[in-house]
Amino acid sequence: MADLPNHTPPLAALRAFEAVARLGSLSRAAAELHVTKSAVSHQLRALEADLGVALLRRGGTVRRAETTAAGADLLASVQQALTLLETACRNVRASARGKRRDTLNVSANPSLAAMWLAPRIGRFIELHPGIDIQVYLHASQDPAWKSQDIDLAFLHVRAMGPHIAEPGDIPLMTETVVPVCSPSLVDPAERGDPGVFLRHRWLEEKHVDSPETDWRTWSPRLGLAESDWQEPMVLSGLSTVAAAAAAGVGIALGRAPLIDEELASGRLVPLVPHLRMPGSWGYVMRMQPNRPMDAALPTLVEFLAEEGRSTGAWQNLADTGR
């Protein structure tokens with residue numbers, strides 16, 4: 001019996017196989033690898049000939065490339081090996097640039113980043129001085145973070161619709177909406193009186209599919225008549241709304257726990273603390289699929305998950321009656 005070959009196939013062929021198996025298409029794999037479709041096909045044929053076994057089912061009635069039993073076994077090992085190589089190369093590049101190895105890149109929308117995440121990142125770095133955090137901004141539903149060098153993304157999700165939590169997401173917190181204002185705007189004795197809403201400007205966040213941040217939802221709950229309606233000043237982003245309210249411009253509908261730091265500092269006060277409305281949205285933490293995990297990432301995730309539990313415990317958004 002002849003000895004079996006013991007050499008390792010070319011890395012390019014293994015990468016081509018992994019890309020086709022993961023993406024299910026020669027064309028998509030070619031685009032990701034920046035080569036031609038025929039080059040990917042040639043690498044796959046050469047790999048299967050080298051190993052002496054079919055790795056993928058493709059063509060005929062099969063709409064997308066699927067792994068055979070042998071291909072599935074090889075795929076798991078190839079992905080692990082590529083992850084190790086990518087991690088090692090990343091660490092070498094970081095060392096060559098003189099940067100600490102434990103640098104985590106996170107992405108969040110501007111309101112969450114400024115109002116909730118930044119203070120907690122500061123506390124985290126004090127507890128873990130060997131871990132550096134870089135915060136990048138993305139629009140609330142911007143998928144661009146997926147193509148960036150991001151370890152962890154904070155995403156605004158809702159119970160139903162296109163922007164919902166996905167399997168593997170880590171629940172962070174849900175929201176509660178409460179009217180707030182500057183302590184200098186309304187006398188403390190008036191803060192429980194719904195009539196105070198008739199004497200001041202209303203500030204409203206431009207927020208899609210979020211009735212609890214709309215003054216039309218709040219007016220009847222405050223006992224206001226239809227004739228009491230005033231057009232609110234609409235601003236973009238909760239951080240802008242909170243800043244305007246803290247400056248005494250008017251009364252805002254604030255989303256806790258994002259405004260918790262403002263309330264704790266006294267820059268904002270709740271007008272009717274007993275009257276709150278559950279939010280339609282919440283936040284989850286999502287990691288890049290197939291991305292090498294930095295050893296420091298679980299430490300950050302655990303810290304922030306605990307912060308989320310202590311400020312806006314996650315609940316099933318479908319149970320809020322929205």
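**Figure 1. Secondary structure of the predicted chain.** The chain holds 9 helices and 11 strands, where helices are DSSP runs of H or I with at least four residues and strands are runs of E with at least two, numbered from the N terminus. This is a predicted model, in which local features need pLDDT of at least 70 and side-chain atom pairs count only at pLDDT 80 or more, while totals for chains, interfaces and linings use all residues. Residues are numbered from 1 along each chain as its sequence is written, and side-chain values use heavy atoms, with hydrogens and water left out. Of the 322 residues in the chain, 42% are buried, that is, under 20% relative accessible area with a 1.4 Å probe, protein chains only.

**Figure 2. Close-up of helices H1 and H2.** The axes of H1 (residues 11-23) and H2 (residues 26-33) come within 8 Å and cross at roughly 125°, as lines fitted to C-alpha atoms over the stretch in contact, with angles running from 0 to 180 degrees between N-to-C directions. The two helices are therefore oblique to each other, a class left over once angles under 35 degrees (roughly parallel), over 145 (roughly antiparallel) and 65 to 115 (roughly perpendicular) are set aside. Arg15, Ala16, Ala19, Val20, Arg22 and Leu23 in H1 meet Leu26, Arg28, Ala29, Glu32 and Leu33 in H2, a contact being heavy atoms within 4.5 Å.

Figure 3. Arg120 lies in H5, which spans residues 110-127, and counts as buried because its relative accessibility is 4%. Leaving aside residues up to four places away in sequence, Arg120 touches Glu261, Phe303, Leu304, Glu307 and Thr311.

Terms used:
Buried < 20%, exposed > 50% of the residue type's maximum accessible area, 1.4 Å probe, protein only.
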